[in-house]
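Reader: I would like to go through the terms used for this model one by one. Please set each value against its cut-off before drawing a conclusion.

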Amino acid sequence: MSLPAFETGRLRLRQRSAADEDACFEMDREPGMLRYIAGPWADAAAHRAFIAARTRGPYPEGLGYWSLLDKAAGDAFLGWVLLIPVDAEGPGIEIGWRLRGAAQGRGIATEAAGMVLRHGLQTLGLAAIVAEIDGRNAASLRVAEKLGMARSGEVAGATGRAVRYIARGDHQG
């Protein structure tokens, strides 16, 4: 199953593939990249296996991971956006994003996640999409707010308290 591709003036989003896995691993190894995210990061083999499993899925039709590519830099890998069952298990659907350090602070996460959020709500007709973000991750909290997602409380996260945001089918963000 394949995901739709999206494009803006500066970005190309396409389905993440096995060819992107080394770039994902290298991004994750950037200092501080995973400080708010629990996972098998200390063991390189387990980390690579996690990336491969998340790339493969399986996910329901229209859901998965999109790689973000910089059109002006020859489609250089900038990061990814996901739209998958919460924690890859469901039943709810979550949106998330991760960008290389050099791509952060330029509106790229908001631009890319906005396209994926609209895809989920408008094209797939999902009733709701959530984002659970570590409360210390100010940059990602701002992205959720710029997307027009509504703060709906706090939940226990793997690395501390997480702020839960939600976008519903009538979302106008």
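Author: This is a predicted model. Helix α4, residues 138-146, has Ser140, Leu141, Val143 and Ala144 as its buried residues.

Reader: What makes the buried residues of α4 line one face of the helix?

Author: Viewed down the axis of α4, they fall within an arc of 155 degrees, so they line one face. The elements that cover them include β5, α3, β6 (128-134) and β8 (160-168). After α4 comes glycine 148, with a positive phi near 85 degrees.

Reader: Which residues of α1 are buried, and why are they placed on the same side of α1?

Author: The buried residues in α1 are Glu21, Cys24, Phe25, Met27 and Asp28. Around the axis they cover an arc of only 160 degrees, and therefore they sit on the same side of α1. They pack against α2, β4 and β5.

Reader: Why is arginine 10 said to form a salt bridge with glutamate 111?

Author: The closest N and O atoms of arginine 10 and glutamate 111 are 2.6 Å apart. The rule asks for a side-chain nitrogen of Lys or Arg within 4 Å of a carboxyl oxygen of Asp or Glu, so the pair qualifies. The pair links distant parts of the chain, 101 residues apart: arginine 10 is in the loop between β1 (6-7) and β2 (11-15), and glutamate 111 is in helix α3.

Reader: Are these two residues buried, partly exposed or exposed?

Author: Arginine 10 has a relative accessible area of 31%, and glutamate 111 has 22%. Buried means under 20% and exposed means over 50%, so both count as partly exposed.

Reader: How do you know that arginine 48 and aspartate 22 meet in a salt bridge?

Author: Their N to O distance is 2.9 Å, and the limit is 4 Å, so the pair counts. Arginine 48 is in helix α2 and aspartate 22 is in helix α1 (residues 21-28), 26 residues apart. At 36% relative accessibility, arginine 48 is partly exposed.

Reader: What makes arginine 151 exposed but glutamate 154 partly exposed?

Author: The cut-off for exposed is over 50%. Arginine 151 has a relative accessible area of 51%, so the term exposed applies to arginine 151. Glutamate 154 is at 45%, so it counts as partly exposed. The side chains of arginine 151 and glutamate 154 meet in a salt bridge, 3.5 Å from N to O.

Reader: How many salt bridges are there by this rule, and which residues are linked in a network?

Author: The count comes to 12 salt bridges. Glu7, Arg12, Lys71 and Asp75 are linked in a network of them.

Reader: What is the phi of aspartate 75, and why is aspartate 75 called partly exposed?

Author: Phi is near 65 degrees, a positive value in a residue other than glycine. Aspartate 75 lies in the loop between β3 and β4. Its relative accessibility is 30%, so aspartate 75 counts as partly exposed.

Reader: Why is aspartate 70 said to have no salt bridge?

Author: The nearest side chain of opposite charge, arginine 106, is 4.2 Å away.

Reader: What else lies around aspartate 70?

Author: A polar atom of its side chain lies 3.0 Å from the backbone nitrogen of alanine 72. Leaving aside residues up to four places away in sequence, aspartate 70 touches Arg10, Asp75, Ala76, Leu78 and Arg106.

Reader: Which residues have the most contacts inside the largest nonpolar core?

Author: They are Leu13, Leu83, Ile95, Trp97 and Met149, in a core of 48 residues. Helix α3 (residues 108-123) gives the largest share of this core, eight residues. Isoleucine 95 touches residues including Leu83, Val116, Val130 and Met149.

Terms used: Residues are numbered from 1 along each chain as its sequence is written. This is a predicted model: local features need pLDDT of at least 70, side-chain atom pairs count only at pLDDT 80 or more; totals for chains, interfaces and linings use all residues. Side-chain values use heavy atoms; hydrogens and water are left out. Buried means under 20% relative accessible area, exposed over 50%, partly exposed in between (1.4 Å probe, protein chains only). Lys and Arg count as positive and Asp and Glu as negative; His and the chain ends are not counted. A polar contact is a pair of N or O atoms within 3.5 Å; within protein, one must be able to donate a hydrogen and the other to accept it, and residues adjacent in sequence count only if both atoms are side-chain atoms. Contact means heavy atoms within 4.5 Å. A nonpolar core is a set of buried Ala, Val, Leu, Ile, Met, Phe, Trp, Tyr and Cys residues joined through side-chain atoms within 4.5 Å. Helices (H or I, at least four residues) and strands (E, at least two) are DSSP runs, numbered from the N terminus. The arc is that of the directions from the helix axis to the C-beta atoms.
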